[in-house]
Amino acid sequence: EAAAVQEDVASNAGDRDILIRAARGEQVDRTPVWLMRQAGRYMSDFRQYSDKYPFRERSETPSMAIELSLQCHRAYGMDGIIMFSDILTPLPTLGIEFDVVKGIGPVISTEVRNDEDVAKLADVADVDFDKTLPFIREILGTLSKEAEEANTSLIGFVGAPFTLASYTIEGKSSKHCLRTKKMMMADDDGSSTAMATFLDKLATMIGNYGCHQIECGAQVIQVFESWAHQLSPKQFEQFAKPAAQKAIKIIKEKYPDVPVIYFANGGSSYLECQRDMGADMIAVDWSVDMAEARKILGPDIPISGNVDPTILFGTKEQIEEAVRECIDKAGGPGKHLLNLGHGVMQGTPEEAVGWLVDECKRYKGKDA
Ligand code: CP3
C-alpha cells in the first residue's frame, strides 16, 4: 500500500518541462496535458470572481489574473499553467477598444472596415507593451515563479492575425463574417488594400507581443486561430496563413528554443496546409479523428489535441477511454500533447476534468 501511495505522489509531482519537450518533439515517457479554457466558469472557485468582477478587471488586475490562472492547476495539476487573459487583450495597443459583455461575449467598439480606418490605427513599430499593458509583466513574472515552484510550465498565448482582424471587423462573434469576407474580396479585386494592411499590422503586433510574453516568463506560446472555421482552404492560404506565419516567424527568429503551438479551430478540413506554418506543434480540433490527423500531418510533427469537450459530460469510464484512444491514435507518448479539441465548456462537471488529467498522466500507451 505504501508503494502505491508513493507511486501516486510521484505521478502527481509534476514534470517541469515535459510539455515543452513534447512540443519540441523531444522524447517523453508519458503524454503531457493541459486544457484550453482550463480557467473558466465551469469551476465554482472561478465563478466567485466572474460573478463579481467584469472580465477586463479580472484579467488586467494582476492579483486576480494570477489567482484565476492558478486555481485550476491547484485543483488538477495540469502540465502547464496558462495566463488568465484573452486573445483580445493586446488590441488597445493599436487603438482598438473592446469589452466582454455578459450574455453577448466580446464587443469591439472601434470600427475598422476600410483603408482609412486601417490607416488611423496606432503605429505597430512603436508599441511598448510595458507601457500599454503593464499588468502582463507582473502577471507572467509572478506566474513564472509559481510555475517553477509547482514544477510545471508556463503557457503564454496570442490570437492569430486573421481571427483578431475578423473579431474587430465584425465587432462581435459573427455567424458568417460577411463584413470580413467583403473586405477580403475588395482586396482581391484590387479596389482596396485594407485587409492585407490590417493583417500585416496585426501580425507584427502579435509577433512582438508573443516575444514580450516570453521576455516576461512564458515558456511556450499557443497561437489561437479561433475563426478558421470561417475560411475555405483557399481563403486560409491567401489571408490567414501568411499573416500567422509572419507572427510565428517573428517569435521563432528571436526565440528559436521556445516552442510555438498553432491551433486553427475548425481548420481540420485543411490540415495539410498547416504543415509549414513555422510552428513547432499543430493543435487540432475535435472534428478530425486523431489517427487521420497523424496521417495527414505525418509522423514527425508534434500534435496537440483533440478530445471532444462534450466527453467531459460522460461517465468516468467514457472519459478515460477517450483519453487512451486519443493517445494511442496520436502514436503513443512523444510528439503529442493531450488537450481538448476546443475549450472546456461551461457546465462541465469539475470532477470530470480531474478524471481526464489523471488518466492522461497514468496511461503510458498500449505497448507499455
Ligand atoms: O484557461 C485558458 O484557456 C486561459 C484563458 C483564455 C480565455 N480566453 C479566458 C476567457 C484564453 C486562452 C482565451 C482565448 C480566447 N478568447 C479565444 C481562443 C480560444 C477559443 O475559444 O477558440 C477566443 C475566441 C476568445 C474570445 C472570447 N473571450 C470569447 C469567445 C469569450 C467568451 C464570451 C462569453 O461570455 O462566454 C471571451 C471571454 C473569456 N475569456 C472568458 C474566459 C474564461 C469567459 C468570460 C468570463 O470569464 O467572464
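Helices (H or I, at least four residues) and strands (E, at least two) are DSSP runs, numbered from the N terminus. The structure is a predicted model, in which local features need pLDDT of at least 70 and side-chain atom pairs count only at pLDDT 80 or more, while totals for chains, interfaces and linings use all residues. Residues are numbered from 1 along each chain as its sequence is written.

**Stop 1: a loop residue**

Select Arg-37, which is found in the loop between α2 (18-24) and α3 (44-50). Its phi is near 60°, a positive value in a residue other than glycine. Most residues other than glycine have a negative phi, and most peptide bonds are trans. A residue is buried if 20 or more other C-beta atoms lie within 10 Å of its own, exposed if 12 or fewer, and partly exposed in between, with C-beta atoms placed from the backbone. Arg-37 has 17 other C-beta atoms within 10 Å, so Arg-37 is partly exposed.

**Stop 2: the ligand**

The ligand is surrounded by 20 residues, and the closest are Ala-39, Phe-55, Gly-105, Phe-224 and Ser-226. The shell comprises 10 nonpolar, seven polar and three charged residues. Here Ala, Val, Leu, Ile, Met, Phe, Trp, Tyr, Cys and Pro count as nonpolar, Asp, Glu, Lys and Arg as charged, and the others, Gly among them, as polar.

**Stop 3: a hairpin**

Strands β2 (residues 98-101) and β3 (residues 105-108) run antiparallel and are joined by four bridges; two strands pair if DSSP finds at least two bridges between them. Asp-99 stands opposite Val-107 in β3. The two strands β2 and β3 form a hairpin with three residues between them, and Gly-103 in the turn has a positive phi of about 90°.

**Stop 4: a helix with a buried side**

Move to helix α10 (residues 178-188), where Thr-180, Met-183, Met-184 and Asp-187 are buried. They cover an arc of only 100° around the axis, which puts them on the same side of α10; the arc is that of the directions from the helix axis to the C-beta atoms. An α-helix has 3.6 residues a turn, so residues three or four places apart point the same way. After α10 comes Gly-190, whose phi is positive, near 85°.

**Stop 5: two parallel strands**

Select strand β8 (residues 303-307), which runs parallel to β9 and is joined to β9 by five bridges. The bridge partner of Ile-303 in β9 is His-336. From β8 the chain crosses through helix α14 (residues 316-330) to β9, and this β-α-β crossover is right-handed: with the strands pointing away from the viewer, the path from the first strand over the helix to the second runs clockwise. Asn-306 is found in β8, and the peptide bond from Gly-305 to Asn-306 is cis, with omega near -15°.

Which residues cover the two faces of β9? His-336, Leu-338 and Leu-340 lie on one side and Leu-337 and Asn-339 on the other, and all are buried. Strand β9 (residues 336-340) is largely enclosed by the rest of the structure, because five of its five residues are buried.

**Stop 6: two lysines**

Lys-335 lies in the loop between α14 and β9 and has a positive phi of about 55° although it is not a glycine. Finish at Lys-364, in the segment after α15 (350-362). Lys-364 and Ile-327 are 37 residues apart in sequence and 8.6 Å apart in space, C-alpha to C-alpha.

Conventions
A residue is near a molecule or strand if its C-beta atom, placed from the backbone, lies within 6 Å of it.
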